[in-house]
Structures are given as structure tokens and as C-alpha cells.
Amino acid sequence: MAKNIIEKIWDQHIVYEEQGKPDLLYIDLHLLHEVTSPQAFEGLRLANRTVRRPDLCFATMDHNVPTRNRDAIKDPIARKQINTLQSNCDEFGVELANMDHPDQGIVHIIGPELGLTQPGKTIVCGDSHTSTHGAFGAIAFGIGTSEVEHVLSTQTLWQTKPKTMEIRVNGKLGFGVTAKDIILAIIAKFGIDMGTGHIAEYTGEAIRNLTMEERMTICNMSIEAGAKAGLISPDETTIAYLKGRKHVPEGDAFDKAAATWLALASDEGATYDTVVEIDADEIEPFVTWGTNPAMGSGITSHVPYAKDFESESDKEALKQALAYMGLEEGAPLTSIDIQHVFIGSCTNARLSDLRAAAKVIEGKKVHSSVTAIVVPGSRTVKKQAEEEGLDAIFLEAGFEWRESGCSMCLAMNDDVVPTGERCASTSNRNFEGRQGAGARTHLMSPAMAAASAIAGHFVDVRELQATKA
Amino acid sequence: MEPINKVVSVVTPLDRKNVDTDQIISKEFLKRIERTGFGKYVFYHWRFHEDGSEVKDFVLNDERFKGSKILVAHENFGCGSSREHAPWSILDYGFNVVIAPSFADIFHNNCMKNGLLPIKLTVSEVEELLANGQQQPYSVEVNLEKQTVTGQDGKTYSFDIDPYYKQMLLNGWDEISLTFQYEEHIAKYEERVKQSV
Ligand code: SF4
């Protein structure tokens, strides 16, 4: 029977199954970071347990780390969390890319970069954006700290088999439209709980045409659609990206692995519990105006009116969102002024993202009322960008060029948007207070955020790009 | 974790949908390396103004609901981040049960591991509970064994729960100890993988 890739990977990883119980699933790769792991390691110590497979774990520091003056973390609680990860990794023998390590970066950026992320794996991390790794054709999902502890001690998890969903993106993308716009458009169209209880596979011509970095942007935000995980069947693009990476096999072993990986792709005629479709050519560069990722519209549009919604609870949600965001119903998106620009996060801080932003701002200046920062997703991305001279372009335009980490995506470190101010952000969440108490976040692509930095308000980046071409 | 079966309390009506884990526990409180002590930070930015004074009309600050053990909210409760600090803070504040029409997957899992009972009722049932709870303090009895929620007026709602998690919650079992009983299967799986490479 034709199987989809989700069923194939799931079935391969069942350690134990019994009627009336979730499946006991084997985990191939466990990524760890400083914020959601300390209580798990402490749990192991209290129960006198060990890490079953330290060789399948990899840790880094990202959420909490400063993006400048790294040697002096002023906040003692943050410093303690960083030091705790170091000592836990030392004690339990887990490989760690700490703040000074050349491989350090946001966990979802370095997993693929180092070739740890591979097709067919089950991958978990105490972080909901673990779905990013699905871009390679892996089942990758976020877990809580109790589950982190469970995986550390047993390398398994009890998991109820989720339903499967196909999200098909038909046709070709229009000029100036990016992967970020696709995923924001999908979420706006189908809602932030469209994927609850499902693992989603993205298919269709527009998805096939994406690079690996673009696919990661899409899969990253699967969780914003409520899906447990999102993935894309591996193809030649996947294989080409993996070749030569640090943890990927070489020579004959690579060829053998590549054949196995390609065979994981969903079979012709495979079916799904739920199927949704969107046409690529109806997607515009996107901007969110509200307080969850589904509250967004194409840039040529406007903030919606209450009358556009049917249910009372949706009208109420709009009212609450606009009150928080300081916006009026019907305001054209291009009329909204911003004070901050953040180019970073596990969604959009890879080399191609920085290139896209640099291209827009080259030779221009950041608007005088805007503070703009670039936070590369990893130290490797930072180094590569510097070798290409991207840092000079950003600095010349008036952006700040920082060290890698999560930074203003969740504002756990010093990178905070002040109350009532507005930020054009390439990250993935625009929840109330996400970038700072009272801060107003608008999600968009790197090119759109860069264009906003120059204009001081949202603009349709295609206009800039068209005059350039 | 603590076993849970019967909970009797007035309901706290939180009239919101898509309550995300960033709202439940804001990031500035995630730096602690303990599992305890998060209750005072739950819904912090909804409970307090920037100067630390209480937001008067926020439901958790309403005297009538002080000491409530049952939180009721609209769809998609607990969406967003995987932070287990969310159920930790809800439990530590004093709630043992959250009732909503739907929950985000990771949050739902996290509840099960901590003895916080997530109950799914239909949209109209939840709306009824919210309406009752908003008019005047409305007390219900939750019974996990029987899978029922019974209002003070006798109105009873029943709910579904995965039998595996039901047992875990009723007994307060530690899941890791349970899994160790499957050690043989795990070892066999690892052996098979080794040989196939
Ligand atoms: S960049 Fe943002 S979304 Fe990604 S892992 Fe860090 S905090 Fe989470």
C-alpha cells in the first residue's frame, strides 16, 4: 500500500506497540539548550539515572546568550543557567557547542549546518521550533522538559500516532515572494490550530522549487499552524545540501545513505487524513498586524474590520489584538510606522536570509527613527556572511551586527523592544510581550523587514526590487 | 507527580481563545533552573500593570475566584512554545484542572506529565460553563475516574481521555520508571539498528 513519509518514518521507529497505549518511539537525535534542560538533568540526578545515549545528544547555548559583550553576562540567573548547561554536559558526557565554540548558534540552525539533521530521523528538542528539521524529511518535534528527561534516560518517548496532513502549495511563486510569505499565508488562511493533532507534509511545485534554507523557514513555522511537526520529502536538493557536512557519512556510505533517504519520500498515491491546498500565485509579501501568526495579510492590504469576521469570539480577538498593537481597523499596512527591525531567529537567520536583506539595503540608509539589528543564526553563518562582506553592507546602512543567538526573537537577553514600540521582525511569533513587555511585533520576510528599515514603515519590497532590476 | 481524581471548586472563567504559553509564563521567568516557584508569575502581564499594581478587571485578580482550582478557557489553550514552565506555573498557582474545547499538542502532553488535568469539552459546553462562571461563582466537581464534570446545579458533562494517561494521572505514576520496564525492547531495537548499518 502506498505510504506517506510520515507513516514510513513513524513505523520504522516503533520500539513497542500495544492496543490502548501510545507507541513507544525511538529517538535518533536529541538536541538540548540551556532553558528547557536544567530541570531534566536535575531529575536524572535526583533519581540516580544516567543518559542512555549521550552519543545521540547534542547541546548548545542560544536562548539566553548575549549578542554583544559575551564575556560579561550581567544577569546572575541567566549566567547560572548557562553555567548549569556546561556542567550538566560535562557530567553526563553530552557534546556541547558552548558560547565560545565556533559551531555555536541557534539549535535549529546548527543541527542542519553540522549535518546532524538527516532524512528519516526522529528528532526532538525542548523547543517547539524543532519542526524546522522536518525540511530534511525527518519527524522533528518539540517536547517539554519532562519529556527531555524521559528521552535522556530512555532514548524513547510514548507518542500517540498523530494524524497526517498534506499542505499542498500549487504552482509558482510570484516575483519577490519568499518562503516566509508562503508559510504566513498558509497560517492566515487556515488558522493557528489548523494542524492540531497532525504532522504535516508540505508538497507541491512551489515547495519542490525551494532551496533547503527556504524549506527550513517553512517547516520552522509548522508549530505556528498548531502541527506537531512539518516535513518535506527528501529529493536531490536535500541530498546536495547534506553532502560533505560534518556528521554526514562520506564516500560509498553517503551514496548508500542517499539512496535510503530518497526512498523515504511519500509514495505515489499516498493518502493523508487531511489535505489543504493553496495557490502560490495568490500569495503576496506578507505582514502580520495582530497578536498571533494567523493575524496577517498581504502587504497591499489593510488591517481588517470587525465586520469581516463572523463569530463574536473572532471579533473580540480582533479588538483585543488591535488594542494591544495600537492599530485601527482598516489602516493600510504600508501606513504603519516602525521603530525597530530585527533580522534573526531560527526562521530567518541563515546565510540566504542575510543575503536577501543585504541586497535590499545595499547603498541605502536605515531610517533615522529606526534601530535595526542583524543577529546571524550561528557563528558559522556570521563568519560566512563576513567573508562575503555582508556585515559591511549592514553596518554601512546603519544596522548593528551582532553575535549569534535567539536574541530579540524572545527577548530573554538584553535585546528587548521597549513598551509600545513597533518591530518589523523576521522571527516566528508575534504574541503579546514576545519581544518585550508591551512590545508590538510584526512578522515578515528578511527582504520586507530590510525594506521597512529603510522606509521607516512597511513597504512592498517588490517596488524597490523592481526599480533595482 | 501527585495523583489526581476528584477536584471540587468554583471555576475561573478566562474568556479568551488561543491562550499561548508566552502569556501563561513570560520569558523573563524562564531563567530559573528549578521546577517550582513559578505560580506567582503565571499570566504575569495580564495580572499586573508595568508598575506592579494589579489589573483590576483581570479574572485572576477577582476576589470571587481566589483559591479556584479549575480554569476554563476557549479553544487552542496552550499554543506556542513548548515551555513546561506553563503547566508548572498553572499548577503552582493552585489550579489542578484546565477545561477548554481544545489544547495545543505539546502543552497537552506537558500537562499529563505533571498531574495537571486537561479536559476537553465541546465549544457549546465550554461556553455554557464560562457563562455560568461569569454570572456568579459557579462550583463544579471534576471526577477523573468517571470522566465527568458536574455543576452545582447538577448539570453533568462527560469527557474523553486517553486510557493510558488516565491511569498515569489517577496513580501519579512516574513515566520513566514505567518505561524502564520496556528496557528489553529498547535494547533489541538498538541492536537491530546497529546491525542494519
Ligand atoms: S530563535 Fe526564537 S523561536 Fe527560534 S529557538 Fe530561539 S527563541 Fe525559539
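**Model.** I worked from a predicted model.

**Helix pair in chain A.** I looked up helix α12 (residues 351–361) of chain A and helix α14 (residues 390–397) of chain A. Their axes come within 10 Å and cross at roughly 45 degrees. That angle makes α12(A) oblique to α14(A). I noted the hand as well: the crossing of α12(A) and α14(A) is left-handed.

Next I listed the contact residues. From α12(A) I have L351(A), L354(A), R355(A), A357(A), A358(A) and I361(A). From α14(A) I have L390(A), I393(A), F394(A) and A397(A). I sorted the residues of this contact by type: nine are nonpolar, none polar and one charged.

**Interface of chains A and B.** I turned to the contact between the chains. Chain A puts in 68 residues, and chain B puts in 53 residues. The area buried between chain B and chain A is about 4,900 Å². Carbon and sulfur atoms give 52% of that area.

**Salt bridges.** I counted 45 salt bridges over all chains. Across the interface of chain B and chain A I found ten.

I checked two pairs by name. D75(A) and K31(B) meet through their side chains in a salt bridge, at 2.9 Å from N to O. R49(A) forms a salt bridge with D174(B), with the closest N and O atoms 3.0 Å apart. I then placed this second pair. D174(B) sits in the loop between α6 (163–171) and α7 (175–180) of chain B, and R49(A) in the loop between α2 (38–46) and β4 (57–60) of chain A, so the pair joins two chains.

Key. Residues numbered from 1 in each chain as written. Chains lettered and ligands numbered in written order. Predicted model: local features only at pLDDT ≥ 70, side-chain atom pairs only at ≥ 80, totals over all residues. Heavy atoms only, no water. Axes fitted to C-alpha atoms, helices over the stretch in contact; angles between N-to-C directions. Helix = DSSP H or I, 4+ residues; strand = E, 2+ residues; numbered from the N terminus. Parallel < 35°, antiparallel > 145°, perpendicular 65-115°, else oblique. Left-handed = near helix turned anticlockwise from the far one by under 90°. Contact = heavy atoms within 4.5 Å. Nonpolar A, V, L, I, M, F, W, Y, C, P; charged D, E, K, R; others polar. Buried area = accessible area lost by both parts, 1.4 Å probe. Salt bridge = Lys/Arg side-chain N within 4 Å of Asp/Glu carboxyl O.
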